[in-house]
Amino acid sequence: MEFSMNTRFSFHRYDFAAFAAFAVYALCSLSVPLTIVKMGDDLQFPLTDGGMGQGGALHLVRCCGMVLALVLCGSIAARIGKRFTMGLSMLLMGAGIFLCAFSPVYWVFCPLLLLTGFGEGICEGIATPFVQDLHPDNPERYVNVAHSFWSIGILLCVFLAGGLLTLEVHWRFVFAGCGILGLITAVLFFLREKDGYRYPESGERVDTVQLIRKSILIFKTPRFWTYCFCMFVGAGAEFCLTFWAAAYLELTFGASAFVASLGVGVIAAGMFCGRNGVALIAKRGNLPLILIICSLGTAVLSLFLAFIKPEFLPSVSWMYVALFCLLFLCGIGIAPFWPTLQVYGVNSLPELDSTLLFIIFSAMGIPGCGFFTWIIGVLGDKFGLQGAFLLIPSTMLIYALILFLERYVIKNKRPGCQAERQ
């Protein structure tokens, strides 16, 4: 396997629109968990008075919207093109989260969050193939760069939204700000680019019958299900770390809410560095090796998170330095699990429709996020949150083993296999 250090990139307006889309997507996704305590008091489901079930249901509502969008977004993109579909995604996401800011009660907030989730689901399914179409000669690098802006969105939300809430700024202003950013991003997609850098709009419009036939062909391919399972496991491990990191720091080490939010920001910074680092070395032939190395490294690092104790370190300051270093390195390790595996799966199945593959892979990743996050919560009730973190290295080992067997052990004679391995 050969690694390249070619650092030359070529970005234009639609690249920056895609970067903004990932950042806004992250802002909208993180706005609810960061503001849920204040929101619960305001919308009459206080978390300290039996409202945690209703609060948890908000994520379920959002996921329903995302899954529905992932089912439909391929058909939408086939009819109006990926560029307009991305604009529609930002329009729905921005309008939904903006209107959430004016919700008087919980039951008005839910359908508006469903609308936001629908926009997020379209972005989840279409953003990656959108970037791939912009750079068909070397999508591995550009997809990782684009996905790194998800991490930037997390950092913005942690520091800006978290800081505003600390300053007693009302949560409704945070939501309204996210909505305005989403609407501005929509304009970037709807405006046409100048002649030299136009988006490669598809000239053919695929009807529903063709989409169904292409989907059936995908579902009948055994190797496709291997990548789906890896997406399910890898996405679950990634989301477990980002979702539970703040609670882990607060409950295990007594960190303040602000310090705990910094832990999430440190993971996001690691993911940003990791995705851009992978973008520098990624080539068609070395993607599985990158994923295996990252998963094994993350497995080792996350073991420390499950066993480190305050008494192991000489002072509180050193404890937080060690924890933040571990979280940063884990962020680097989990960085390629989602985007690089998607590109690897699409490259490995060139006979199948790439846009549909990206969408279905994302549709498998989202349930993985919810399932493994829920499992860690169940384990945390029984063994404590730190003990539950052992699930993360376990999933990483499974992830690495499956990819190793798929790439280096199982012999596959499908057409194009030799070209892929070169």
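Buried means under 20% relative accessible area, exposed means over 50%, and partly exposed lies in between (1.4 Å probe, protein chains only). These views show a predicted model, where local features need pLDDT of at least 70, side-chain atom pairs count only at pLDDT 80 or more, and totals for chains, interfaces and linings use all residues. Residues are numbered from 1 along each chain as its sequence is written, and side-chain values use heavy atoms, with hydrogens and water left out.

View 1. Helices (H or I, at least four residues) are DSSP runs, numbered from the N terminus.

**View 2. Arg 223 and Glu 406 meet in a salt bridge.** A salt bridge is a side-chain nitrogen of Lys or Arg within 4 Å of a carboxyl oxygen of Asp or Glu; here the N to O distance is 2.3 Å. Arg 223 lies in helix α8 (residues 222-253) and Glu 406 in α15, so the pair ties together parts that are 183 residues apart in sequence. Arg 223 is buried at 7% relative accessible area, and Glu 406 is buried at 6%.

**View 3. Lys 82 pairs with Asp 133 in a salt bridge.** Their closest N and O atoms are 2.7 Å apart. Lys 82 sits in helix α3 and Asp 133 in helix α4 (residues 106-134), so this pair links parts 51 residues apart in sequence. Lys 82 counts as buried, at 14% relative accessibility, while Asp 133 is partly exposed at 24%.

Notes
Helix = DSSP H or I, 4+ residues; strand = E, 2+ residues; numbered from the N terminus.
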